Amino acid sequence: MKAEERWQARFRAPRVTLPTWARQAPHRAVYRGNASGAWEIYAWDRSNGRTRQVTDRPHGTRYGAIDPTGRWVWWFGDAEGDGQGVWSRQPFDGGPDVPLSLPPGHPGGLALASDGTAAVGRSSRDGFEILLARPGDEPVRLYHHDEYAVVADMSLDGAVVAVNHSEHGDLLHPAVRVVKTNGSVVAELDDGPGKGVIAARFAPVPGDRRLLVLHERRGRREPLVWDPVTGEQREIWLRVRGEISADWYDDGRALLIVHNHRGRTELLRYDLAGGGLTPIDSPHGVIEAAAPRPDGTVEYAWSSAAHPPVIRSSNGHVVFSPGRTPPPSVPLEDIDVDGPGGRIHALVSRPERAAAPYPAVFLLHSQPAAFDGVPGGQDDDSFQPQVAAWVDNGFAVIRVNHRGSAGYGSAWRDALRGDVGHIELADVAAVRDWAVEHGIADPDRLVLAGAAWGGYLTLLALGTQPKAWAAGIATTPIPDHAAMYEHEAECLRAAHRALLGGSPDEVPDRYAASSPITYADMVEAPLLIIAGDDDPHCPMEQVEQYVRALADHGREASLYRYAAGPGGTPAVEERIRQMGASIEFAVRALGGA
């Protein structure tokens, strides 16, 4: 297979997320899959193997769920292209959609009870709110605040709702509030400044109000079990490095532990009665999601840099196969570099049929940990078609878990606050220098690339480190933080306030200092910007303003435009076109690397 056919086959191979099953009807499940070319919601009846595509929207559907009884499939639709929409439900076996009677808003979580009640989180310019929607009734407001808040979960019987909110701190350090369905507060869990707590899920047993929570009292994410009625807390402490998340086993007597260390994950069972810890056999790599089944087996979505994704079970079986398997890729190498803020962990993928030093792409991940309010923004050992495409074309790919990334403790995640962009790029520079000194990367053929937050960092680096990079590729970047703040969703505004210490009116100098447009006159390297028309996350007018700023100083940028549509996420064939354009641009900029 030729290199081009090989990397395109990885993008085109269908993928699925871990199926989520109904708690009281475990033979019924929903998942997201991209067999149609865009990510859509599917219903799967495990008793007969029948699958059904629930949604069919031009640019895909990002959020879906199933209620505990298995009668309804829920999905979120943002029809106007600005990321705002409403939740609808549809019978599991098919039928008309029943939308909630709400004005469009940005999604802020969904929790479902066995009696059909839904707790719905949404945000708009009016702030953040949680609404309670009972079958046949108009939704009623349960919670409202100007600061960030999302639905975490609702007890199986629909009696209480857990809310993650930032009334006392910021999006990076939220608190948990449990409320009754009449709006009265049951309890609050707040660890104070600089220490967030995040509600995960109520025990999946009728009448059990215990809530699984993630805290960071010891400088990293760890689980605890909290009874909001009695106030009893039980911290789950494990003698391992890295960060820990958890989920309930079906009987509420044990926890499934997901341990993340250096971009890999492992699974363990923790028995609450005696504190026993049992490893669950899984291959070396990354487990994107995992959940215990009622029979005690654990199903998980697994991949590694070398091996394509698969849905597996702890009993050794492949649970679900979406179709043809994409070609494998090369395994990762770990490197550790002394940086200005501490030891930096980075990942290297080398081409197989070339000799070092290689032309190298520094591929920056798409978000800091702050941007979902939960751990995220980490490069890991999972299968990434874009990484494999660069490798197939003779490039080494280097990915840096710089400060601001998740997975390395709270202090590492929080380190960039107030000096956004520059701190991450100082770490990237340290890894770049190490890779050059150790003969991995050719100093004259270094490309910086990334999407979303990684695209932002790419623009900022080309202006603040103009001699360091031979070319840059920025996909859906943020050129100007203050201008972005004026147009973005409330949840992203909350992230901006958390990272920069306030709004543009409160700390204008910080917004200017961290914005690429401030340094447009310093850019020297060839630049490709990939941006979508009508993309709510990267408004085209801001990209055009940045391109004009470059032109004002005699600089140029190539602009690749595409039809983004609702949600801004491109379909498979569009991703292939963008990948091809990126490779072609890099090869040309490097003089035929």
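Thr 476 is found in the loop that runs between strand 34 (471-475) and helix 6 (481-487). In this predicted model, the phi angle of Thr 476 is near 40°, a positive value in a residue other than glycine. At 14% relative accessibility, Thr 476 counts as buried, because buried means under 20% relative accessible area.

**Confidence**

The protein chain averages a pLDDT of 93, and 97% of the residues score at least 70. Over residues 370-376, however, the pLDDT is below 50, although this stretch has 23 contacts in the model beyond near neighbours in sequence. Where pLDDT is low, the predicted coordinates should not be read in detail.

**Backbone features in the loops**

Most residues other than glycine have a negative phi, and most peptide bonds are trans. Besides Thr 476, with its phi near 40°, a positive phi is found at Arg 262, where the value is near 55° and the residue is again one other than glycine. Arg 262 has its place in the loop between strand 22 (254-261) and strand 23 (264-271). At 24% relative accessibility, Arg 262 counts as partly exposed, since that class lies between under 20% and over 50%.

The peptide bond from Ala 356 to Pro 357 is cis, with omega near 0°. Pro 357 is placed in the loop that links strand 30 (342-349) with strand 31 (358-364).

**The second largest pocket**

Arg 262 also takes part in the second largest pocket, which is lined by 14 residues, and Arg 262 is among those nearest its centre, together with Arg 241, His 261, Gly 407 and Tyr 408. About 290 Å³ of space lies in this pocket. Strand 30 gives the most to the lining, with three residues. By class, the lining residues divide into three nonpolar, five polar and six charged.

The buried residues are Pro 385, Val 387, Ala 388, Ala 389, Trp 390 and Val 391. They pack against helix 1 (3-12), strand 30, strand 31, strand 32 (396-401), strand 34 and helix 10 (572-589). Just after helix 2, Gly 394 takes a positive phi of about 90°.

Helix 4 (residues 422-437) has 16 residues, and from its first C-alpha to its last it reaches 22 Å, close to the 22 Å expected at 1.5 Å a residue. Just after helix 4, Gly 439 takes a positive phi of about 75°.

| Residue | Relative accessibility | Class |
|---|---|---|
| Pro 292 | 0% | buried |
| Ser 329 | 17% | buried |
| Pro 526 | 36% | partly exposed |

Pro 292 has its place in strand 25 (residues 286-292). Not counting residues up to four places away in sequence, Pro 292 touches Trp 21, Arg 23, Asp 247, Trp 248, Tyr 249, Leu 256, Thr 297 and Val 298.

Ser 329 has its place in the loop between strand 28 (318-320) and strand 29 (333-339). With residues up to four places away in sequence left aside, Ser 329 touches Arg 10, Ala 305, Ala 306, Phe 383 and Ala 388. Ala 388 is also one of the buried residues of helix 2.

Pro 526 lies in the loop between helix 8 (508-513) and strand 35 (527-533). Its contacts, again not counting residues up to four places away in sequence, are with Ala 470, Ala 471, Gly 472, Phe 585 and Ala 589. Pro 526 and Phe 76, by contrast, are 450 residues apart in sequence and 39 Å apart in space, C-alpha to C-alpha.

Definitions and conventions
Residues are numbered from 1 along each chain as its sequence is written. This is a predicted model: local features need pLDDT of at least 70, side-chain atom pairs count only at pLDDT 80 or more; totals for chains, interfaces and linings use all residues. Side-chain values use heavy atoms; hydrogens and water are left out. Helices (H or I, at least four residues) and strands (E, at least two) are DSSP runs, numbered from the N terminus. The expected span of a helix is 1.5 Å times one less than its number of residues. pLDDT is the predictor's confidence in each residue, from 0 to 100. Contact means heavy atoms within 4.5 Å. Buried means under 20% relative accessible area, exposed over 50%, partly exposed in between (1.4 Å probe, protein chains only). On a 1 Å grid over the protein atoms alone, a cavity is a set of points where a 1.4 Å probe fits but cannot get out, and a pocket is an open set with protein on both sides within 12 Å along at least five of seven lines; lining residues have an atom within 4 Å of a point. Grid points are joined across faces, edges and corners, and a volume is the space filled by probe spheres set on the points. Ala, Val, Leu, Ile, Met, Phe, Trp, Tyr, Cys and Pro count as nonpolar, Asp, Glu, Lys and Arg as charged, and the others, Gly among them, as polar.
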